[in-house]
Amino acid sequence: MTAPATDAQVVFVGYNAAYLRAIDGSVPSGSVVVIEEPDIIRKRELQDAAARFDCLDRIVPASYQQSAEALDLAADLTAARPVAAVVPGLEYAVPATAALAEKLGLPGATETAAQVLRDKVRLREVSGAGGVRNPRWREVHGPEDILEFAGDGPVVVKPANRQASVGVQLLDSVDAATAAQAWERTSSAAEYEQVPDRQLAWRFLAEERLQGPEYSVEALVQRGEIIFENITAKTVIPGPYPVERGHLLPAPLDRDTQSGFETAMRALVAVIGFRTGILHAEWILTESGPTLVECAGRCPGDYLIDLIDLSYGTRIRMTLIDLLAGRPVTLPRSARQTSAIRFLAAEPGTVTEVAGVDTAQELPGVQVAEVDVEAGQEVRPWASSWDRAGHVIATGPDADTTLRRVLDADAAIRIATD
């Protein structure tokens with residue numbers, strides 16, 4: 001890992017506090033510039049964000065979500081200091097990041113690959129045509145399409161270009177009433193702080209509901225070649241909203257299954273034409289093998305980067321900057337321990353008490369125990385990743401030990417609601 005040269009700057013498209021916190025002190029003071037939507041700067045109160053991190057020079061307001069306005073900043077960004085790398089801070093910033101990197105002649109995903117990754121309809125079309133295993137699917141424009149596609153079988157209905165499981169629904173059976181309800185919930189899904197106020201274009205699709213355990217593959221790619229790869233085992237809550245409850249990595253898999261994921265991932269990289277950056281691909285392991293759910297071209301959420309760093313002794317966020325700056329990187333071939341996260345749940349209602357956090361933090365192997373709600377706040381039923389109440393992280397020498405430790409930490413914390 002190499003810090004950017006003191007006369008160069010790293011441009012992030014999309015404000016990501018966790019990323020900035022992780023690299024603060026490891027990159028030169030004032031060497032980071034963030035491009036963010038004016039509406040999001042206002043909603044998230046980011047006007048003084050530069051004062052929160054030594055590495056952050058300024059936030060530049062510009063539209064980038066389903067907009068090419070950020071490209072107009074290229075000349076201004078390079079006028080005073082060279083740009084070393086352009087990094088996607090958020091899911092919705094992936095296309096603009098790739099386009100800006102191309103315009104500046106820097107390594108990146110490529111604009112074509114980024115557009116595929118940001119639209120699950122395009123991802124299905126391109127990956128399926130290239131031989132990557134996909135579920136049966138179709139784009140839908142209303143409840144009639146859902147009903148026609150579903151037939152008698154279970155189905156998934158979801159936005160094609162949102163994030164964080166927002167609007168995703170699992171339907172066991174479909175009739176006219178459930179199709180209408182699913183369409184209303186999916187098409188009206190909203191993310192107040194994550195998107196600008198202007199009208200954006202959303203697409204939707206219905207898919208065959210696959211059966212099997214869920215996994216994700218996190219990969220660093222350099223000039224089209226995977227140079228680092230991790231497989232994560234995922235736990236998803238039951239019910240209509242497939243929100244992730246926990247992750248364990250590296251996933252305890254036999255050699256043949258692991259090889260199947262590696263082969264599928266390399267095929268995906270090749271068929272979408274992805275060049276340099278990070279990928280987070282979600283898969284379901286069916287009887288036929290790994291089947292693609294979706295793939296993102298930015299750092300994964302859910303603290304997965306922190307889990308990888310704990311398991312492999314890496315600093316993936318710094319390494320990604322090096323990759324996008326065209327610098328050589330060195331990465332481990334295997335993990336030195338396992339790590340896991342469990343997201344905290346509570347009965348919906350008003351929080352009356354939070355207890356057990358200190359107890360959880362003192363348990364063997366527990367690295368983090370954080371609760372994101374406090375007395376007087378509302379806890380909602382889980383419909384997306386934004387509804388979770390906190391998390392615990394643990395490490396251990398093997399998967400069984402680590403899983404036991406993270407579940408013990410989860411059990412130690414009590415979030416009482418009325």
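Biologist: Leaving aside its neighbours within four places in sequence, which residues is Phe274 in contact with?

Modeller: A contact list names residues that come together in the fold. In this predicted model, Phe274 touches Ala109, Ala113, Leu117, Val221, Gly224, Val269 and Leu279, once its neighbours within four places in sequence are left aside.

Biologist: Which members of the largest nonpolar core touch the most other members?

Modeller: That core has 49 residues, and Leu268, Phe274 and Trp283 are the ones that touch the most other members. Helix α9, residues 255-272, gives the most to this core, contributing six residues.

Biologist: How should I read burial in a helix, and how many residues of helix α11 are buried?

Modeller: A residue counts as buried when its relative accessible area is under 20%. In helix α11, residues 316-324, nine of the nine residues are buried, so the helix is largely enclosed by the rest of the structure. The buried residues include Ile316, Met318 and Leu320, and also Arg317, Thr319 and Asp322. After α11 comes Gly326, which has a positive phi near 80°.

Biologist: Is Glu36 buried or exposed?

Modeller: Glu36 counts as buried because its relative accessibility is 0%. Glu36 belongs to strand β2, residues 32-36. Beyond its neighbours within four places in sequence, its contacts include Gly14, Tyr15, Ile41, Pro61 and Leu90. With Tyr15 there is also a polar approach: a polar atom of the Glu36 side chain lies 2.8 Å from the backbone nitrogen of Tyr15.

Biologist: And where is Thr402 found?

Modeller: Thr402 is in helix α13, residues 399-412. Thr402 counts as buried too, because its relative accessibility is 0%. With its neighbours within four places in sequence left aside, Thr402 is in contact with residues including Leu248, Thr338, Ser339 and Ala340.

Biologist: Which residues of α7 and α8 meet?

Modeller: From α7 come Pro143, Ile146 and Leu147, and from α8 come Ala176, Ala179, Ala180 and Trp183.

Biologist: Which residues does a cis peptide bond join?

Modeller: The angle omega describes the peptide bond. Leu249 and Pro250 are joined by a cis peptide bond, with omega about -10°. Pro250 lies in the loop between β11 (244-249) and α9.

Biologist: What is the phi of Thr110, and what is its place in the chain?

Modeller: Thr110 is not a glycine, yet its phi is positive, about 90°. Thr110 is in the loop between α4 (94-104) and α5 (111-117). Asp302, which is not a glycine either, has a positive phi of about 60°. The loop that holds Asp302 runs between β13 (289-296) and α10 (304-312).

Biologist: Is Asp302 buried or exposed?

Modeller: Asp302 is buried, because its relative accessible area is 13%, and the cut-off for burial is under 20%.

How values were computed:
Residues numbered from 1 in each chain as written. Predicted model: local features only at pLDDT ≥ 70, side-chain atom pairs only at ≥ 80, totals over all residues. Heavy atoms only, no water. Core = buried A, V, L, I, M, F, W, Y, C linked by side-chain atoms within 4.5 Å. Buried < 20%, exposed > 50% of the residue type's maximum accessible area, 1.4 Å probe, protein only. Helix = DSSP H or I, 4+ residues; strand = E, 2+ residues; numbered from the N terminus. Contact = heavy atoms within 4.5 Å. Polar contact = N/O pair within 3.5 Å; in protein donor to acceptor, adjacent residues only side chain to side chain.
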